[in-house]
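Morning, everyone. Let's take a quick look at one model. Here it comes.

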Amino acid sequence: MRSFAFSVVLALVVPGSAVAAPPADPFVDVIVVLKSQVTPAAAAPGRLERALRDHADATQRGARDLLAVRRKQGLVTSVVPLWITNAIGARVRSSVAAELARRPEVREVRPSTTIQAPTAEVASAVEPNVAQVNAPAMWDLGYRGQGMVVASMDTGVDISHPELASRWRGGTNSWYDPNGQHPSAPVDLTGHGTQTMGVMVGGDGGGSSIGIAPDARWIAVKMFNDRGQASSTAIHLGYQWLLDPDGNPATADAPNVVNNSWTMSAGTCSLEFQPDLRNLRAAGILPVFAAGNYGPVAGSSASPANNPEALAVGSVDDTGLIDPYSSRGPSACTQSAYPQLVAPGTDIRTTDLYGGYLDVSGTSLAAPHVAGALALLLQASPGVSADRQQSALQAGAADLGPAGADNDYGYGRLDVLASYNWLRSTPDFGVVVSPATVNVLPGGTATYNVTVSASGGFSGDVALSVSGLPGSFDPQVVAAAGTSTLTVVAPGTAGSTALVVTGSSGAISHSATATLTVVPPPDFGLSSTPLTRTVAAGASTAYTIAVSPANGFAGDVSLAAGGLSSAVGTVAVTPAVLHGSGSAQVNVVTSGSAPAGTYTFTVSGSSGSLSHQVTLTLVVNRPDFGIAVSPASSTVTRGQTATYTVNVSPTGGFTGSVTLKVSGQPSNATPTWTGNPVTTSGNAVLKIRTTSGTARGTSTLKITATSGTLTHQLTATLVVR
């Protein structure tokens, strides 16, 4: 089948009835482009992504603040800050778009474009495309893409296909859906991305070898939504993700190659994605594009494939004849020859949905031949810059058509073996740092092996330098090809630092990155459950002390208690040593004579130079009781009986018997008790019976409560009339 070009729809068109009048202030999808853009060459080696992020944060603040205010007013529905290009994707009222365009820091507010996913038509034959580009010759040399990662910006990938499932890199940094419809795992609803990926990394499970780099791994961006459309914002987000899939600039997880089998409209030059492509190239990633299927008309180049930063690939059949549909030059952006290369693109056997295979045609299938070839070349020559990658592809191409680069075939048909030989015969060198990441303790020493590999007869001396952290090389200069040991002292705080190792020889310079991660030293934590206990003097209580390891701690922790006065009680820890982790019991036995109060003591854990402690609180209560009387005053006429209720309430674990007595009653008045004595807690009833001979007046009754050595008193009033 043939993969056709993508069409472009302006997102400023507001859907609705054909006869309905448009709203006075409609919502529009726009890209707000800032005037100030980062120049990749000006960024420090290995710091491009951080420079892009910081610059966007600093220069977008005013526009973001305005959008936030208008969003609260209901005039903005979505805001997506971008840093791969200094811009903001947003859905706003047209009045807000005009307001943004007037801001001094804004270069332009342009409509977001929508790109339509491709369709296909059935073809009939299978072509030996893999052999045509000399991939098997590279396999014979041992280069099958091992260790390389290719990326696809397409409709997704069918992860269920046996040819592709085992070749997915996997993990959270290997699949991205900027539209948020399939965030967890790769999927492809139309098959286009599955077909292009098969050309890059497919194996021989279907009976023949279909992929150029069968041992490479793949990651993918599903830039098209489930309706088959891709917005400008989604494309920017896709490129942004490819530059840093896990969102951590300190880790090297970007792909080696990015394939783009999609285009916008033909015959024009749109530089909307030029900053994205420029930054990919600065990071060593050559953006490979399908040239488009708008031929045979001259000047039918398509964007972004015709941008200066892109490598456009046209399509030829197995005889080397240009596909009539393949787009022709010159480039609408540079007026130079277009495409740069051609590759097999007619009746290509590749993977399809549901584990099947299909014969497809178009520049969409030609481009992944080049992407796969780059995976082989980069395995053979690590660290080659994007410019040199393109030079090798063009120099090794088999010239077709008129001599030299032309507007049908470009520099000619892909020949990966010839490009490999060109790299080997053109003096150059590569720099590789291993391991990619070293974990050390704060202040520790990290060592890396730096390998300089010569190619193309290179025989110069390579001087090594490092940025990110101070470091020393042994030796500092490597002759022609060899190794050096880089030693770096880690900072005192935890975190990751990107190191950039640069090798220089005359005008040639190459860099490689590594990561130094400072991990916290092994340690342990000490905790108690609970932190506070309350007991009566003479009673016992317990705490549970837990030792929790951190950062790989596995030592013995010795436990000891201290700080509690012997007059209060004794403390014992069992067991006294914990191995790596676990819990111990802290038992406290208080003295029967311990004064009531709140006391603190500590339990310490030590292991070598490590020591931690936890502070515990012990509240000691003395056994006691309180008394209360109700009512506090009673008035009776002579001959009547006054009744009082005396309540006994324990404190501090009191459990004794309380005997109650009364004194102070007037003459000729008789007290009687009910419920006396009171055990631990409860009420007793006091009755004072008067007679006709009881003296009139006010008396103060003294009620005494006694339990062993404990005595409490209170008073009540008796009025006799």
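Start with helix 2, residues 61-72. The helix has 12 residues and reaches 17 Å from its first C-alpha to its last. That is close to the 16 Å expected at 1.5 Å a residue, where the expected span is 1.5 Å times one less than the number of residues. Helices here are DSSP runs of H or I, at least four residues, strands are runs of E, at least two, and both are numbered from the N terminus.

Before going on: this is a predicted model, where local features need pLDDT of at least 70, side-chain atom pairs count only at pLDDT 80 or more, and totals for chains, interfaces and linings use all residues. Residues are numbered from 1 along each chain as its sequence is written, and side-chain values use heavy atoms, with hydrogens and water left out.

Which residues of helix 2 are buried? Ala63, Leu66, Leu67 and Arg70. Buried means under 20% relative accessible area, with a 1.4 Å probe and protein chains only. Seen down the axis of helix 2, the buried residues fall within an arc of 100 degrees, so they line one face. The arc is taken from the directions from the helix axis to the C-beta atoms.

What do they pack against? Strand 3 (76-82), strand 4 (87-93) and helix 3 (94-101). After helix 2 comes Gly74, with a positive phi near 80 degrees.

Now confidence. The protein averages a pLDDT of 90, on the predictor's per-residue scale from 0 to 100. Residues scoring at least 70 make up 95%. Over residues 1-22, though, pLDDT is below 50.

How values were computed. Buried means under 20% relative accessible area, exposed over 50%, partly exposed in between (1.4 Å probe, protein chains only). Contact means heavy atoms within 4.5 Å.
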